[in-house]
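Subject: Structure handover

Hi,

Here is the structure for you to look over. My notes follow below it.

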Amino acid sequence: MHSSLLKQHGLNNYIAGSDFNFRYQKVGKAIEKDISKMIEEMKIEPVGLYSGQQIHSANIAYADGQNGETFIYGRTFKETDGLITDQPGIGLFVKFADCTPVVLFDPVKKVQAIVHSGWRGTTKRISEKAIEKMTLEFGCNLDNLIAYLGPSIDIDHYEVGPEVYEAFQDFPNREQFFRPSGDKYHLSMLEANLDILTAAGIKPEQIQVERASTFTESTLHSARREGADYGLNGMLTIMGGQTKE
C-alpha cells in the first residue's frame, strides 16, 4: 500500500502491514529482519533511517543524517512522534496500529515530514505543528504542500469515552467527526486529521486520504481488533535514495 499522489510528486512511500511487526517491545531483535524486508520490498535504499520513540506527543525532530541516537535500526529520537528532513535519501519511519500516519511533502523545497497522530496527538495538532515547521523553518509554501492521510481505524469501530470528546473542545468542527453512541462516542480519526490539514491551508485537491480501515482490513494490524498482543504497522517515506534492482 502506498500513496500514488506522493509518488507522483517524487516522494517514495510504503506501508508495511500485517506481514510485518514493528512493535519492538514485543519482537525485540527480530524487528531488524522486518526493517530489511520492508526496504527490500520498497526497492529503495535509504542513506539513513530515522524513527521516534512514540509517546502520543506533538514533538517533531529534524533528521539531518547524523543526529539522533543510534538504535537497533537506524537512528531515533526519544519522546518524538514526528520527523522532518530536507536531506535527500533520508528515510522517515513511523509505527501505527489504529492511529493515523500523516505525510507532508513540499516537492519544490524538497522537504518531507511524517507524523504519528493518535487522538492525543490530534488534539495537540501535531500535523499543524509539522506544517508550521515546514513553512517557518524551511521556507515551504502552503500552496505547494502535498499531504497523505494513511490508514487508521474507521469510525464504526472506534468507540471512545466522553473525555476524548471533551479533549476536542477547541475544534470548531468536532461534531463532523464525532458520532454520539449512548454515553460514549464514535470518532473518525481521518476526518479529524483532515480537518486540521484543510484548516491549516492545504488545498483539498492536494490531500490523498486512505479509506482502508486498520480494523477491517486484514492486511493491517489493529490494536482494537488484535488486543493486548497487537502488532504495529509501519510507514516509510524516502525522498530520493538508491534504487535497488
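The side chain of Ser222 makes a polar contact with the side chain of Asp98, at 2.8 Å. (A polar contact is a pair of N or O atoms within 3.5 Å; within protein, one must be able to donate a hydrogen and the other to accept it, and residues adjacent in sequence count only if both atoms are side-chain atoms.) Ser222 sits in the loop between strand 15 (207-209) and helix 8 (223-226). Helices (H or I, at least four residues) and strands (E, at least two) are DSSP runs, numbered from the N terminus. Ser222 has a relative accessible area of 0%, so it is buried. Buried means under 20% relative accessible area, exposed over 50%, partly exposed in between (1.4 Å probe, protein chains only). Leaving out residues up to four places away in sequence, Ser222 touches Ala97, Asp98, Thr214, Phe215, Gly227 and Tyr230. Contact here means heavy atoms within 4.5 Å.

Two caveats. This is a predicted model: local features need pLDDT of at least 70, side-chain atom pairs count only at pLDDT 80 or more, and totals for chains, interfaces and linings use all residues. Residues are numbered from 1 along each chain as its sequence is written, and side-chain values use heavy atoms, with hydrogens and water left out.

Next, helix 3 (residues 31-42). Its 12 residues reach 17 Å from first C-alpha to last, close to the 16 Å expected at 1.5 Å a residue. (The expected span is 1.5 Å times one less than the number of residues.) Ile31, Asp34, Ile35, Met38, Ile39 and Met42 are buried in helix 3. Seen down the axis, these buried residues fall within an arc of 135°, so they line one face of helix 3. The arc is that of the directions from the helix axis to the C-beta atoms. Their cover includes strand 1 (11-16), helix 2 (24-27) and strand 16 (233-239). Just after helix 3, Lys43 takes a positive phi of about 65°.

Now the cores. A nonpolar core is a set of buried Ala, Val, Leu, Ile, Met, Phe, Trp, Tyr and Cys residues joined through side-chain atoms within 4.5 Å. The largest has 23 residues; Ile131, Met134 and Leu197 are among those with the most contacts inside it. Helix 5 gives the largest share of this core, 5 residues. Apart from it lies another core, of 21 residues, among them Leu5, Leu83, Val94 and Met239.

Helix 5 (residues 126-138) also holds Glu128. At 24% relative accessibility, Glu128 is partly exposed.

Best wishes
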